[in-house]
Amino acid sequence: MNSYKTLKVQKKGGVVTARLNRPDVRNAINMQMVDDLTHLMDAVEDAQDVAVIVLRGSADVFCSGIDFRDFKLDREPDIYGLQKWEKMCRRLEILNKFTVAAVQGDCIGGGFQLLLVCDSVIAEKKSVFCFNEVKLGFLPGMSTFRLAKYIGLGRAKNLILTARRLKAMEALNWGLIDQVCETVEFEETLSKTIENLLPFHPTALEMARRLLNECYDTSYENFIGHFLAAQHRAITSETFKILIKKSASRMPCL
Amino acid sequence: MSANKKVTISGRNTGSRIVSVGTSNPPRKYTQKEVVELYGETNPKIVQFFMNGYNISRCLYLPEPVNGKMPEESNQDLINKHLGGALEIGPLAIEDCLKPIGLSSYDIDFFCVTSSTGFLCPGLSAHLAKKMGFRENVYRADLLGMGCSAGLNGLRNVAALACSNTGKLGLLLCVEICSAAYVYNDKISTAVVNSLFGDGAAAALITQSDTNILKQGPVITDFESHTIPESIDAMKFELEDSKLSFYLDRDIPYVIGANVEKPVKRLLGRHSLKYRNIDHWIVHSGGKKVIDAIEYNIGLTDHDLRHTLSVLRDYGNLSSASFLFSCKELMRENIVKEGDIGVVITMGPGTTIETALLVW
């Protein structure tokens, strides 16, 4: 894996771990970080020997939101940098590997946005989640599109409009994150989370995730067509062929 | 390597270009409901094929009802309809293509016509030469029986001629009168095609030229084909009541889905391209299930295939002409930037998948 200005990336076996790494600004997201993450998406997507990518921050903070110093006083702000951020989030959302977010400490704004596009999220008990964008006068990106699908419209309005600071346990109960643990158990919980995702069947992962992401905005008539195309792809994949071979050599279960 | 670096393809400025695309359809447009009512169809299974599909309206050459009933069309009627229809919308599509750049049929050096919805001898290109005043030394070729994929087979032939004859003008015409291959006999197999295919013609001007006005449109950079012989019977003409009727096997979406990656990966691979480098996808509007299969096997969205879907919705499956309709929609959208890369995919009997790489 390459080295990046704003990320600390490590590859161990089939797992790539990328730490947001701007300690002086509590891992705030700047354009450089968006470019670095986009490049990382390319690299991970192409790597044949990677099954999982883990996104995490530092021990005390996951991410503190957008770095406003990227907006210049002497220039009208334009939308294209934020569009790049959305493109990167979408790449992560449909990446051909398992995606895990592991949160320690505060997870604010853009950091929270990242969680909504990952397959699995764990957090330590003391971590806090917050969309502070509307309170500051702008928008929490395409979380306006994704959040309500996780937690329903009422709760989504409450979180986004009031910038309420959500505690880890509550986020767990709402289904925003999958696992909460004590700080001392964090590494162990993360390893277990990765273990639970494996084995890695890329076709089944991509097909299942795409259907799930579509399920709220597709009619049954369209969805059944999508499902049949996806299932056909899954049952003609190498993985499924091996499964059939194994089953054929076994005695029938009665 | 920066994350935002635009991928470039060597030799992108050399090669023939699709300079202009023109289209035409029969004057009468029918909604699916209107067709069902015209034919007085009451079999719920057949009605469902018409109403459940993704296409909503089609332009068709249908006979006028006699005493409130659709008259039976004889074999000769259907052959006449194919020739008559092709000679009406074919020339209109050619004019739509040539007029904006100040050209006429007299300027064309070589001319390829694809049509699979009627068999003629002499072929359509001869009839069009007579009707439209092509030069006496125009080179003609008719491509028959290749069905929906034929547009790209024709494009490949004309592009090759254009490449070896710099400055000369090539024309491709895909003209399909699918309503001349309609048989109404209360069978599900004929209802499948009668509810899907529409009539249309599309023409493309192809040339390799240094003249400014002809130096627009995408460069046709490469092609890749894929034939699946074991599925030779999946799409074919069959005789129904001694008339030609197209037959579509229910496995087609899955055959296409399982194979579509193969030619596309070969095509992209030899230019070191990944799916994510492709800016535009121009895909034949085969039918909703085939489009689903392609989306899920290549990882494309409804947005990527918006023109494929809108052409299917508005015109039905126009066989070999479909992809040029999508191509025209893309050009009309005015979002293509210099350096953009596009992939064209058509599929048809054989079973065949044809692909092409375009660079703007």
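## A salt bridge between the domains

Lys149(A) pairs with Asp217(A) in a salt bridge whose closest N and O atoms are 3.2 Å apart; the term stands for a side-chain nitrogen of Lys or Arg within 4 Å of a carboxyl oxygen of Asp or Glu. Please keep in mind that this is a predicted model, in which local features need pLDDT of at least 70 and side-chain atom pairs count only at pLDDT 80 or more, while totals for chains, interfaces and linings use all residues. Residues are numbered from 1 along each chain as its sequence is written, chains are lettered from A and ligands numbered from 1 in the order in which they are written, and side-chain values use heavy atoms, leaving out hydrogens and water.

Chain A is assigned domain 1 (7-197) and domain 2 (202-250), with bounds that come from an automatic or database domain assignment. Their C-alpha centres lie 28 Å apart. At the interface, 10 residues of domain 1 are in contact with 6 residues of domain 2, where contact means heavy atoms within 4.5 Å.

Together the two domains bury about 670 Å², 47% of it on carbon and sulfur atoms. Buried area here is the accessible area (1.4 Å probe) that two parts lose on being put together, summed over both. Which three residues supply 59% of the area that domain 1 buries against domain 2? They are Glu93(A), Asn96(A) and Lys149(A), and they supply more than any other three residues.

The rule finds 2 salt bridges across this interface. On the domain 1 side, the residues that touch domain 2 divide into 4 nonpolar, 2 polar and 4 charged. In this grouping, Ala, Val, Leu, Ile, Met, Phe, Trp, Tyr, Cys and Pro count as nonpolar, Asp, Glu, Lys and Arg as charged, and the others, Gly among them, as polar.

## Where chain A meets chain B

Now to the neighbouring chain. Here 20 residues of chain A are in contact with 19 residues of chain B, and the two chains bury about 1700 Å² between them, 50% of it on carbon and sulfur atoms.

How many salt bridges does the rule find across the interface of chain A and chain B? There are 5. One salt bridge joins Asp46(A) to Lys274(B), with the closest N and O atoms 3.7 Å apart. The side of chain A that touches chain B divides into 5 nonpolar, 6 polar and 9 charged residues.
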